[in-house]
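Here is a short report on one chain.

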Amino acid sequence: MHSHPSNTLLLFGATGDLARRMLLPSLYALHADGLIAKGLRIIGTARSRLSDEEYRKIIGEALHEFLPEERKNTADIERFLERLFYQPLDASQTEGFADLAAKLGDIASGLSIFLSTAPFLFEPTIKGLQSAGLAGDNVRIGLEKPLGNDFASSTEINDAVAAAFPEERIFRIDHYLGKETVQNILALRFANMMFEPLWNAGGIDHVQITVSEVVGLEGRHGFYDDTGALRDMVQNHMLQLLAITAMEPPASYDATAIRDEKVKVLRSLRALDPAEVVTGQYDAGAVNGTAVDGYQSDLGDQSNTETFVALKAHVDNWRWQGVPFYLRTGKRLAERRSEVVIQFKDVPHSIFGERSGKPIANRLVIRLQPEEYVRLQVMAKEPGLDRDGIVLREVPLDLSLTQAFASARRRIAYERLLLDLIEGDQTLFVRRDEVEAQWSWVDAIRKIWSDHAVVPKSYGAGSWGPSAAIALTERDGVSWHE
């Protein structure tokens, strides 16, 4: 379902950190690679009173700061900056939107809006866009998280947006879906014959999804303390990874088919038992040999917000019955890593003797960051002559995506997503029913915490979280993949 590409992109929050660090460098990359039409105009809006020229200067400086050296081309940057315009706007005042509409001028050939604003500005912004005729049939809107902090508040935001825009013109952004390796999970599963017949409870023992960070609060104090790891990471990125890993084969690679299958998985998530969730909060420790403070010192306040969560999820459907999905995420952990690990079952019977060593079950590791690779651990015979016959050893079959596609530049996830927003392709965006399924599952976990007055267990910064997270898998005879 492709509509026409828009010829105007309107960025709210155009002077903010996300815009300077990610969005404009991504748009510049699309411009430099010739992926956006010559006529596409980019109009930024925020509260600061800036002229077009002053805005171009700010963005020019941001590009010099955030673009890798080899991407900086003075002529390209100059031409890119000519696409930029700026209109000051206080989004809480409806009357300012008329001036914004005047600045945009003729939007008959399509407008895409990227909205990354504080949650309390959502409703007034949508009303302002409507009042100024900026919500018509040829307007698409991209929404950046956080979209609410529970089911009720997300419904309020979704309702406010739905009052002006139908679902097929709403693009909810989860930047993980813009990552090459996440899209590669689909390619791996549905473009190869060998995995899919085993991709079920018959062939898979368990699945692990890890998104670990070494950083602490990084200046997001107020936001993070109100949010916590469960809502910051699990509710969106990790559940999307789980849905893509567990979904049934869609009929085609298009927005409706793919999102239909993802939402089925999210609705199949079993309500968790209190014993299946572990929360933690980092204490003082050392990260990469440097001493760091604990969360409450970083925050400068007492707090029971979790900075770590590990849980054991179950997808109650035919394909996955009895296969646990272990998820963990946290700040100030031992290393930065995002990966999906598929642990296959043991061979039913080893024909090799005791001395050969027991065959280790195959494991598929799909690594998203810091490096991107797919690694399949298989058993092989150790070379050499041995009186006892064959000696087995585990060896990796490696596909380094970085090396296999060495000529390809590693793109920022937002490049894909901004291009798809401009082009009108919703495949990698999150539909309302998915958001609702994600929130209702997460809200139930938070209710367990409040009912049982759960306090996060402390863990040393630089470790892999509280010991209870290790016990969570070990009691099933499973170790976290390190």
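## Charge and surface

The chain carries 53 positive and 68 negative side chains. The centres of the two sets lie 3 Å apart. Lys and Arg count as positive, Asp and Glu as negative; His and the chain ends are not counted. Each charge is placed at NZ of Lys, CZ of Arg, CG of Asp or CD of Glu.

## Basis of the values

The model is predicted: local features need pLDDT of at least 70, side-chain atom pairs count only at pLDDT 80 or more, and totals for chains, interfaces and linings use all residues. Residues are numbered from 1 along each chain as its sequence is written, and side-chain values use heavy atoms, leaving out hydrogens and water.

## Overall fold

The chain has 14 helices and 17 strands (DSSP runs: H or I, at least four residues; E, at least two; numbered from the N terminus). Its C-alpha trace spans about 85 × 50 × 45 Å along the principal axes.

Of the 482 residues, 53% count as buried, meaning under 20% relative accessible area with a 1.4 Å probe, protein chains only. Take contacts (heavy atoms within 4.5 Å) between residues at least 6 apart in sequence: 79% join residues at least 24 apart.

## T279

T279 sits in strand β8, residues 277-283. T279 counts as buried because its relative accessibility is 6%. Leaving aside residues up to four places away in sequence, T279 touches E306, F308, V309, W449, V454, V455, P456, K457 and P466. G465 is 186 residues from T279 in sequence, yet their C-alpha atoms are 8.8 Å apart.

How values were computed. Buried < 20%, exposed > 50% of the residue type's maximum accessible area, 1.4 Å probe, protein only.
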